[in-house]
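Hello,

As promised, here is the structure, ready to open in your viewer. Have a look at it first, and then read on for what turned up.

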Amino acid sequence: MRHQLDFEKPIIELQHKLEDLRKHPDSLSLGLSFEEEIKQIEVKIEETRRQIFMNLTAWQRVQLARHPKRPYTLDYIRETFSDFHELHGDRLYAEDRAIVGGFARLGDHKVLVLGTQKGRDTKENILRNFGSAHPEGYRKAMRLMRLADKFGLPIITLIDTAGAYPGIGAEERHIAEAIAVNLREMMVLEVPIIATVIGEGGSGGALGIGVANRVLILENAYYSVISPEGCAAILWKDRSAAATAAEALKITARNLLELGLVDEIIPEPLGGAHTNHQMMAQTVRDCLLKHLEQLQALPVPERLKQRYAKFRAFGHYVEKHPAAAEKIGA
């Protein structure tokens with residue numbers, strides 16, 4: 001089953017035209033040879049694809065970040081890492097399959113890798129809770145990260161979640177407390193931590209495994225305090241204003257880099273990460289290795305100081321002082 005986004009329609013139409021021409025080569029319309037017309041359409045397809053994907057809006061990038069064929073955490077673990085051994089359970093309540101994690105190798109480095117995992121179909125999405133973790137998922141992540149810190153293993157996290165699970169059970173088991181503990185404890189772990197947003201980076205659900213020395217983001221991923229639909233429902237009272245909200249939220253990779261909220265944008269193949277899983281995995285691997293080697297060269301106190309300073313620098317604002325007339329009136 002092919003998944004087509006609205007803004008891809010011009011490309012799809014040209015591809016259909018190309019397929020029809022190959023099936024019926026006698027239907028030439030430009031007075032050219034078969035090979036020449038095929039070549040012209042292929043060039044047109046490439047030009048159209050480049051024009052569309054080099055000028056995507058914030059909402060279109062959100063749609064790409066949610067593409068059902070996009071590589072997920074387990075895809076990157078298979079392609080980017082080796083010798084992966086998954087660990088289960090938070091040793092307090094249960095196993096949460098929305099977060100997967102375990103020991104692996106990244107090149108020559110032994111690491112802990114963990115991330116949020118979505119499903120490909122309905123059955124798997126129910127198993128993975130649509131990538132939205134319960135409190136036990138964040139407690140499992142913290143258990144594994146403490147284990148990595150004990151053995152001096154760098155931590156790699158892969159973020160792809162619309163947010164933590166907001167159900168009654170999660171509230172009863174203190175989802176906010178579980179995320180808050182992760183924020184506090186990740187800040188003081190002595191090993192290098194690299195977080196990478198590979199798709200959706202939604203609210204505290206993403207930040208719960210996102211406190212890191214380096215925060216990376218894929219070109220068509222997004223990182224936001226709220227989803228565009230949620231923002232639209234609150235501010236515009238209409239979820240259909242999601243595209244407007246996406247622009248206002250400044251949630252794209254380029255916006256986040258300009259605001260200093262991420263450290264590097266990882267480029268995707270033209271058309272999105274889902275068009276070439278192997279190329280995307282190799283690009284992520286190279287980027288992770290580069291940052292990991294830089295962080296390992298730093299003394300532990302310097303790593304901790306940089307991580308603390310990084311997050312303390314977030315949240316710049318401009319304070320408007322009251323005018324003279326306003327002061328007199330007051």
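This is a predicted model: local features need pLDDT of at least 70, side-chain atom pairs count only at pLDDT 80 or more; totals for chains, interfaces and linings use all residues.

**The salt bridges**

Arg139 pairs with Glu177 in a salt bridge whose closest N and O atoms are 2.7 Å apart. Glu177 sits in helix α8 (residues 175–188) and Arg139 in helix α6 (residues 135–150), so this pair ties together parts that are 38 residues apart in sequence. Glu177 is partly exposed too, with a relative accessible area of 41%.

Another pair to look at is Glu229 with Arg66, a salt bridge in which the closest N and O atoms are 2.6 Å apart. This pair connects distant parts of the chain: Glu229 belongs to helix α10, while Arg66 is in the loop between α3 (58–65) and α4, 163 residues away. Are these two partners buried or exposed? Glu229 counts as buried at 14% relative accessibility, whereas Arg66 counts as partly exposed at 28%.

Arg50 and Glu46 are both in helix α2 (residues 34–53), four residues apart, which is about one turn of the helix. In general, an α-helix has 3.6 residues a turn, so residues three or four places apart point the same way. In the Arg50 and Glu46 salt bridge, the closest N and O atoms are 3.7 Å apart. Arg50 is partly exposed, with a relative accessible area of 45%, and Glu46 is partly exposed as well, at 35%.

In total, the count comes to 17 salt bridges.

The buried ones are Thr73, Leu74, Asp75, Tyr76, Ile77 and Thr80.

How do α4 and α13 pack? Helix α4 (residues 73–80) meets helix α13 (residues 277–296) at an angle of about 75°, and their axes are 9 Å apart. The two helices are therefore roughly perpendicular to each other. On the α4 side, the contact is made by Tyr76, Glu79 and Thr80; on the α13 side, by Gln278, Met280, Ala281, Val284, Arg285 and Leu288. Sorted by type, the residues of this contact are five nonpolar, two polar and two charged.

His274 is also worth a click. This histidine is placed in the loop between β8 (264–266) and α13. With 16% relative accessibility, His274 counts as buried. Leaving aside residues up to four places away in sequence, His274 touches Leu64, His67, Lys69, Arg70 and Pro71.

Most residues other than glycine have a negative phi. Two residues here have a positive value instead. The phi of Arg91 is near 60°, and that of Lys237 is about 55°. Where do they lie? Arg91 is in the loop between β1 (82–86) and β2 (99–106), and Lys237 is in the loop between α10 (228–235) and α11 (242–249). Arg91 counts as exposed at 63% relative accessibility, and Lys237 is exposed with a relative accessible area of 68%.

**The whole protein**

Stepping back, the protein has 15 helices and eight strands. Its C-alpha atoms fill a box of roughly 70 × 70 × 45 Å along the principal axes. Of the 330 residues, 48% are buried. The accessible surface comes to about 17,200 Å², and carbon and sulfur atoms account for 54% of that surface. Among contacts between residues at least 6 apart in sequence, 70% join residues that are at least 24 apart.

Best wishes

Conventions:
Residues are numbered from 1 along each chain as its sequence is written. Side-chain values use heavy atoms; hydrogens and water are left out. Axes are lines fitted to C-alpha atoms, for helices over the stretch in contact, and angles run from 0 to 180 degrees between N-to-C directions. Angles under 35 degrees count as roughly parallel, over 145 as roughly antiparallel, 65 to 115 as roughly perpendicular and the rest as oblique. Contact means heavy atoms within 4.5 Å. Ala, Val, Leu, Ile, Met, Phe, Trp, Tyr, Cys and Pro count as nonpolar, Asp, Glu, Lys and Arg as charged, and the others, Gly among them, as polar. Buried means under 20% relative accessible area, exposed over 50%, partly exposed in between (1.4 Å probe, protein chains only). Accessible areas come from the Shrake-Rupley method with a 1.4 Å probe; for residues, only the protein chains shown count as cover. A salt bridge is a side-chain nitrogen of Lys or Arg within 4 Å of a carboxyl oxygen of Asp or Glu.
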